[in-house]
Number of protein chains: 2
Amino acid sequence: MAKGTYNRRERPAKPALTREGIVATALDVMRAEGVERVTMRRLAQELDTGPASLYVYVRDTEELHAAVLDELLGHIPLTDTGGDWRTRLWTVLMSYQEVLYTNPSLARVALVTKLTGPNYLAVLDTVLALLTEGGMAPGQAAWAVDILLLMFTASAVEHGTQQQKGDGDKNHEALIQALDTVSPDRYPFIAELGPDLVSGPPEARARWTFDTLLNGAMTTPRPAVG
Amino acid sequence: MAKGTYNRRERPAKPALTREGIVATALDVMRAEGVERVTMRRLAQELDTGPASLYVYVRDTEELHAAVLDELLGHIPLTDTGGDWRTRLWTVLMSYQEVLYTNPSLARVALVTKLTGPNYLAVLDTVLALLTEGGMAPGQAAWAVDILLLMFTASAVEHGTQQQKGDGDKNHEALIQALDTVSPDRYPFIAELGPDLVSGPPEARARWTFDTLLNGAMTTPRPAVG
DNA sequence: ACCTGAACACCGTTCAAGT
DNA sequence: ACCTGAACACCGTTCAAGT
């Protein structure tokens, strides 16, 4: 850290204080410590400045998280994934969900803020293209893409691997416990089904959900829109 | 506040320090100041104690929020709402969504934590009953109830009235702006559809979503479960 | 313009110590 | 057991003041 002869070409320790530098640092911190550590203060520390400085480049924490998510979405393969349109649509949605799955906090961001980043738009456009290829009318596809992405985003939020401690497991066990010991008088249908409600391999459930949404969207005409 | 002659029967200013008292206070604070003010510290202040005291009755903030939500769900009408099973199912889901809609922060809770409260279980049981009445096989209904509640919960999170400032509106306008000015070369399908992607009366979209899920679930058999 | 120190106004949770 | 003061370890955001 001595002043003077430091060669600035040689791997600068800190990214520049720009939007790109901030987002890049956010990605680093996220991968190393999880999204919950991607805070203005933590980032400012990493960038050797005060938190106030970041507000020149980023509106607020939510916008920062959205930028991080868009960056992540940039890595999912959208073309040449093989198979017919239905298979390719499934592949895209699974890739999308995987990104959110491994980081449920970002999935929450996807639900709460309207994403407008270039990579999210690319996913959107690809899904629309595939639905069109599958013979869906444009208006119908416009509504279908919404529920497809919403459903898989929500599912990621719900089932996403809470990498923090075994919290998710405890919660899940509590649910199974509750479903199993429920009063048959008050909740006859839950009691009848019991743990079946929550069972089944996740992949099979995801696939059934996908087929259900697609079959439904194909056969349910939109109401006349004024 | 003078000691001595205060008649304790006369509307005690503070609820007792019990789980019920805490949840009741939480509801008051929520209605008066919004869920984001339902914090351990705020509640402790309201109950004239320190935040640490609450941990005797409540595991953590998340559990507290879940308890508040369950309380709210206790008010939705589940029986004698009129119409055939499909109409009644629609009514239940709309009531459920309305609760979440007016409090998106609680909708987030519904997504993140597995709810096991008595009133949530009652909603679950009712939906299962109606699907069964509609002729759906038990196993099929078990999976269908999951996607129905998940979808309407997610939708509430996404579109819920952000009563805090005009934040939601800004966000929405930004999306419309983005969809409208998108590059037709990079995003041909989005450009083609434009604002149509986001248009349509919310109620009509909700209804289409409902019919789509139901039609899909009715016609898409589950894979053989081992 | 860009940048920042410091402040304002908060959080959740734990723990040692009291009753 | 139940209850608590105090502490630990953080947050987001604004603003006046500097360069």
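Biologist: Which residues does Leu130(A) touch, not counting residues up to four places away in sequence?

Modeller: Leu130(A) touches Trp85(A), Arg88(A), Leu89(A) and Val92(A), when residues up to four places away in sequence are not counted; contact here means heavy atoms within 4.5 Å. This is a predicted model, in which local features need pLDDT of at least 70 and side-chain atom pairs count only at pLDDT 80 or more, while totals for chains, interfaces and linings use all residues. Residues are numbered from 1 along each chain as its sequence is written, chains are lettered from A and ligands numbered from 1 in the order in which they are written, and side-chain values use heavy atoms, with hydrogens and water left out.

Leu130(A) belongs to helix H6 (residues 118–133) of chain A. Helices (H or I, at least four residues) and strands (E, at least two) are DSSP runs, numbered from the N terminus. With a relative accessible area of 5%, Leu130(A) is buried; that word means under 20%, exposed means over 50%, and partly exposed lies in between (1.4 Å probe, protein chains only). Thr87(A) is 43 residues from Leu130(A) in sequence, and their C-alpha atoms are 9.7 Å apart in space.

Salt bridges come next. A search of the whole structure over all chains finds 16 of them, each being a side-chain nitrogen of Lys or Arg within 4 Å of a carboxyl oxygen of Asp or Glu. In helix H10 (residues 202–219) of chain A, Asp211(A) and Arg207(A) are 4 residues apart, which means a separation of about one helical turn. These two residues form a salt bridge whose closest N and O atoms are 3.4 Å apart. Asp211(A) is buried at 16% relative accessibility, whereas Arg207(A) is partly exposed at 29%. In chain B, Asp211(B) and Arg207(B) also form a salt bridge, with 3.4 Å between the closest N and O atoms. Asp211(B) is buried, with a relative accessible area of 16%, and Arg207(B) is partly exposed at 29%. Elsewhere, salt bridges that share partners join Glu33(A), Arg37(A), Arg42(A) and Glu46(A) into one network. Within it, the side chains of Glu33(A) and Arg42(A) meet at 2.7 Å, N to O. Glu33(A) counts as partly exposed at 33% relative accessibility, while Arg42(A) is buried, with a relative accessible area of 13%.

Arg37(A) leads on to the DNA: one of its polar side-chain atoms lies 3.5 Å from a phosphate oxygen of DNA strand D. A polar contact is a pair of N or O atoms within 3.5 Å; within protein, one must be able to donate a hydrogen and the other to accept it, and residues adjacent in sequence count only if both atoms are side-chain atoms. Phosphate oxygens of DNA strand D also lie 2.4 Å from a side-chain N or O atom of Thr49(B) and 2.8 Å from a polar side-chain atom of Ser53(B). In total, 16 residues surround DNA strand D, and Arg41(A), Thr49(B), Ala52(B), Ser53(B) and Tyr57(B) are the closest; to be near the strand, a residue needs a heavy atom within 4 Å of it. Of the atoms of DNA strand D that come within 4 Å of the protein, sugar and phosphate account for 54%.
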